[in-house]
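I opened my notebook today to look around a protein model, one question at a time. Come along and follow my entries with the structure beside you.

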Amino acid sequence: MSNASGVATLAGSVRNDFAMRFPADAARVLEDADDELLVGEFGSLDLDARLAVLTHLSPVCADDLFTRLAVTDQVPLIEAAPTHLALSLVPGLSEPRRAALFEALPVDARRELERLLALPAGAAGRWMDRPVVTLRREQTAAEALERIRRSAMRGGRTLYLVDSERRLDGCVDLQALALAQGGDSVGVHARPAVSIDVVAPRDEVVALLEQHRVDSLPVVDSGGRLLGIVRHDQLLDAVGEAASADMQKMVGASADEQALSTPGFAVRRRLPWLQINLLTAFLASAVVALFEGLIAQFTALAVLLPVVAGQGGNAGAQALAVTVRGLALREVGTRELPKLLTKELITGVANGLALAVVCGAGVYLWSGSSGLALVISCAMALSMPAAGLAGALVPMVLTRLGQDPATASSIILTTVTDVIGFFSFLGIATALAFML
């Protein structure tokens, strides 16, 4: 072997070893490279290293890189990739490229991919990996451990049992097998397995994770047959996506919009809620218009309007965030609504009284008007508990109506708190106009 070829072989080995040991670092390096260098360096890696890097690349970079690969390079990646990775890469292909890829895939792999692509967005089946090792109850611990050694299993501590028809038949801890007598049957150490249906929504995956604290979830079809496993890292991704999706939906953005989605996609998803928000803003303005004469007479009221509305909005947002989180984690349900409203009412009254004192003192020092200070103090004391109640009620009402409690709840709440704040402040000012 020449020195040049030896150096090339060594460099390739170093690349592969680095990518396998530190895939996140390797992905970060490749993301900073230009397109030509990115494709070239990625092509120099072996299959396992490519998969490790692809998993850690940003979705946009991974999609772009995958579309630049030849079909002959795409096929082995799709065949070996975890389900969630394959399902994130294929939709980014143009129709001709996707048809070419499907034509090149083996028949069984193509049928499985088509079946998975037909699953609803966020379904448990889109997060699963194929089970590397399955066991039978009648196997001995020694046979099971030998099978694990011969397999490609890396990481994980839970193995799943199936019967002769591949129906899920329980699970067993790897540690239990390792400590068992070689002649013990696997069934002796087995326990019931918590499973999830292949079409179950992401929220159910997250709920089972929170409830059972498992390292993986087996995915089954309607007949109870084991299809795959949602592993711990995918479970964490599911939790993260659920949380980020709720954040986006609360402000009227689509859950499936990404930071680098096309402007057209962003406009289609955001504009309807912005139009609704515009209508609700006119509603709040209409409340102010009812007191136009009073505001013209006492211009200081216009200066203080944002103070009351802003504090009410903040109080409502706090109650909203806590309630949405409680609903997501199954801490509360609609049956706990009276307790939740009582808590928010007491909290709002206490916060409102404290802020009323501070705000009233500040307005008196600024304006020298005891009447104006009294008006804003009373408005603060009324609007804060009302905003807290609204923050708890909005997601609860959406849940009772069968809607996602995070869906545009922030937009709805903003309108409610603005109307409450404006009406309470200007209504009290009207009643106490003789003091202004």
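Predicted model: local features only at pLDDT ≥ 70, side-chain atom pairs only at ≥ 80, totals over all residues.

**Entry 1**

I began with helix 4 (residues 47-56) and helix 6 (residues 71-80), whose axes come within 10 Å and cross at roughly 75 degrees. Two packed helices are described by the angle between their axes and the distance between the axes, so I wrote down both. An angle from 65 to 115 degrees counts as roughly perpendicular, and helix 4 and helix 6 are therefore roughly perpendicular to each other.

Which residues meet where helix 4 and helix 6 touch? From helix 4 I listed Leu47, Arg50, Leu51 and Leu54, and from helix 6 I listed Asp73, Pro76, Leu77 and Ala80. Sorted by class, this contact has 6 nonpolar residues, 2 charged ones and no polar ones.

**Entry 1: what covers helix 6**

I stayed with helix 6 and looked for its buried residues. I found Gln74, Val75, Leu77 and Ile78 buried there. Leu77 was already in my notes, as one of the residues in the contact with helix 4.

What covers the buried residues of helix 6? The cover includes helix 4 again, along with helix 3 (35-43), helix 5 (59-68), helix 7 (83-89), helix 8 (95-104) and helix 9 (107-117).

Next I turned to strand 2 (residues 158-162). Is strand 2 mostly covered or mostly uncovered? It is mostly covered, with 5 of its 5 residues buried. In a regular strand the side chains alternate between the two faces of the sheet. On strand 2, I saw Thr158, Tyr160 and Val162 point one way, while Leu159 and Leu161 point the other way. Residues pointing in both directions are buried.

I then checked the pairing. Strand 1 (residues 134-135) pairs with strand 2 in the parallel sense over 2 bridges, and Leu135 stands opposite Leu161. Val162 has Leu168 in strand 3 as its bridge partner. Strand 2 and strand 3 form a hairpin with 5 residues between the strands, where Arg166 takes a positive phi near 65 degrees.

I moved along to an open sheet of 3 strands, in the order 4-5-6, with mixed pairing. Which strands sit at the edges? They are strand 4 (196-197) and strand 6 (226-231), each of which pairs on one side only.

Strand 5 (residues 216-220) pairs with strand 6 in the antiparallel sense over 5 bridges. Across from Pro218 I found Ile229, and across from Val219 I found Gly228. Strand 5 and strand 6 form a hairpin too, with 5 residues between them. Gly224 in that turn has a positive phi of about 80 degrees.

In strand 5 I picked out Ser216. Why does Ser216 count as buried? Its relative accessible area is 5%, and buried means under 20%. The side chain of Ser216 makes a polar contact with the side chain of Tyr160, at 2.6 Å.

**Entry 2: stepping back**

Last, I looked at the whole protein chain. I noted 19 helices and 6 strands. Of the 436 residues, 40% are buried. Among contacts with a separation of 6 or more, 67% come from residues 24 or more positions apart.

Notes
Residues numbered from 1 in each chain as written. Heavy atoms only, no water. Pairing = 2+ DSSP bridges. Helix = DSSP H or I, 4+ residues; strand = E, 2+ residues; numbered from the N terminus. Axes fitted to C-alpha atoms, helices over the stretch in contact; angles between N-to-C directions. Parallel < 35°, antiparallel > 145°, perpendicular 65-115°, else oblique. Contact = heavy atoms within 4.5 Å. Nonpolar A, V, L, I, M, F, W, Y, C, P; charged D, E, K, R; others polar. Buried < 20%, exposed > 50% of the residue type's maximum accessible area, 1.4 Å probe, protein only. Polar contact = N/O pair within 3.5 Å; in protein donor to acceptor, adjacent residues only side chain to side chain.
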